[in-house]
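Here are my notes on this model, as numbered points. Please read them with the coordinates open.

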Amino acid sequence: MTPNNSNELPAGMDLWRTDELHEAGFNHRRIAALVRSGALRRLRRGCYIRGSTWAAQKPWVRSLQLIAAHAHGTLSTSSGGLVYSHTSAARLHGLFLWDVGDKVHITTQTTASTTSHGKDVVPHTRPLAKIRAVFVKGMPCTTLEQTVVDCCLMLNYKQALVLMDHALRKGADASKLQEMCASLAGRNGVLTLRRALENADARSESPGETLTRELLQRLRIEPPELQVKVASAEGHHRLDFAWKEKKVALEFDGKVKYFDYAPTAEVIYQERQREKALTELGWKFIRIKWQQLFREQEFKTTVLRVLRGAS
C-alpha cells in the first residue's frame with residue numbers, strides 16, 4: 001500500500017488497529033505524527049481512535065470506548081474465550097460506578113500473566129462452566145447479577161451500594177443475588193456484598209442520592225422517605241427525600257454529573273417555581289451538592305438545624 005502522507009484519516013470509522021491503518025496507507029512514522037498532532041489518540045497498544053471523536057466524548061463514554069478499543073484491538077489476537085467482567089461489565093450494562101478506575105477487566109478460563117494482556121487490563125480466571133456470557137453493545141460480558149457480585153467483592157461499601165442500588169433499579173434479580181451471596185460465605189469481600197444487598201434501595205436515582213442516604217444512615221439522622229410525591233398549586237412534585245410530618249425536603253443537586261444532559265434554564269426555573277409553591281405550603285428545603293457529602297460535620301449540622309427548626 002502506498003504511504004498516505006495526508007492528514008485525512010479514513011472516513012466511515014473512528015477506531016483502528018495498527019494493521020488497519022497500515023492497510024489504509026499510514027506507515028509507523030505517519031501514525032506517530034498523527035498522534036503528536038492530536039488527529040489520532042492512542043488508546044492502548046495497537047489501537048487508535050480519531051482525536052476529534054475522543055475529545056468530544058463525555059468521561060463515561062470514554063470509559064466504554066476503552067473497552068471497545070480492547071475488543072477491537074484484540075479481535076485478531078484473542079482466542080475468543082474471554083468475557084468482560086467486573087467494572088467493565090458494569091459499564092457495558094450501564095450501571096452507575098462511583099470513583100472507579102478505567103482499567104479493563106476480563107475473565108477467561110485459563111490463567112495468563114498480567115503483562116501478556118497489557119497494563120490497562122486486569123485478568124481474572126473462572127472455570128469455563130461458570131462463565132455465563134451475554135452480549136451487550138456487541139461485546140461478551142458477564143450477566144447482570146454475576147457482574148454485581150463480582151464488583152461488590154472488589155469494591156468498598158459506598159461504591160458497592162451505588163452499584164447495587166442501580167442494578168436493582170435496572171431489574172437485577174434480588175433473590176438470585178441473595179443465593180449467590182450465600183454461596184460465597186468466607187470469601188474476601190462477601191461482607192461488603194451482603195451489606196450492600198441489605199441496605200440497597202432501588203428508588204435511588206443517582207449515585208449522589210445513594211451516597212446521601214448512606215450518609216444520613218451512618219450519621220444516625222432520622223431516616224427520610226425516598227421519592228416522595230407531593231402536590232401544590234404548581235402541580236405534582238417528587239422529592240428526592242422528605243420528612244413528611246415535618247414538611248422538610250432534601251434535594252440532591254448533583255445529578256447532571258452522571259447524565260448526558262444538563263438542565264435547561266426553563267427546567268431550573270420550573271423547579272424553583274415548584275419549590276416556591278411548596279414553601280408557601282410550609283415546606284422547608286435542604287439542597288445538597290456533591291462537595292457537601294464529604295464535609296460530614298457541615299452536612300449533619302445543616303440537616304439537623306432544619307429538622308429541629310421544623311419540629
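1. Asp120 and Arg44 pair through their side chains in a salt bridge, with N to O at 2.9 Å. Asp120 sits in the loop between helix H6 (114-117) and strand E6 (121-125), and Arg44 in strand E2 (residues 40-44), so the bridge ties together parts 76 residues apart in sequence. Arg44 is buried, at 9% relative accessibility. Asp120 is partly exposed, at 26%. Keep in mind that this is a predicted model.

2. A second salt bridge joins Arg213 to Asp165, and their closest N and O atoms are 2.8 Å apart. Arg213 belongs to helix H11 and Asp165 to helix H8, so parts 48 residues apart in sequence are tied together. Both Arg213 and Asp165 are buried.

3. Glu222 and Lys246 form another salt bridge, with 3.0 Å between the closest N and O atoms. Glu222 is in the loop between H11 and E9, Lys246 in the loop between E10 and E11; the pair therefore ties together parts 24 residues apart in sequence. Glu222 is partly exposed, with a relative accessible area of 41%. Lys246 is partly exposed too, at 23%.

4. How many salt bridges does the count come to? The count is 15. Arg17, Asp19 and Glu20 are linked in a network of them.

5. Of its 12 residues, 10 are buried, so H11 is largely enclosed by the rest of the structure. Among the buried ones are Glu209, Arg213 and Glu214. What covers them includes helices H8 (157-169), H10 (190-199) and H13 (296-309), along with strands E9 (225-232), E10 (235-243) and E11 (248-252). Arg220 follows H11 and has a positive phi, near 60°.

6. Asp99, which is not glycine, has a positive phi near 60°. Asp99 lies in the loop between helix H5 (86-92) and strand E5 (104-108), and is exposed at 60% relative accessible area. Lys137 has a positive phi near 55°. Lys137 lies in the loop between strand E7 (133-136) and strand E8 (139-142), and is exposed at 55% relative accessibility.

7. Is His86 buried or exposed? At 7% relative accessibility, His86 is buried. His86 is part of helix H5. Beyond its sequence neighbours up to four places away, its contacts include His105, His124, Asp150 and Cys151. Thr107, Thr142, Thr147 and Met154 also touch His86.

Methods:
Residues numbered from 1 in each chain as written. Predicted model: local features only at pLDDT ≥ 70, side-chain atom pairs only at ≥ 80, totals over all residues. Heavy atoms only, no water. Buried < 20%, exposed > 50% of the residue type's maximum accessible area, 1.4 Å probe, protein only. Helix = DSSP H or I, 4+ residues; strand = E, 2+ residues; numbered from the N terminus. Contact = heavy atoms within 4.5 Å. Salt bridge = Lys/Arg side-chain N within 4 Å of Asp/Glu carboxyl O.
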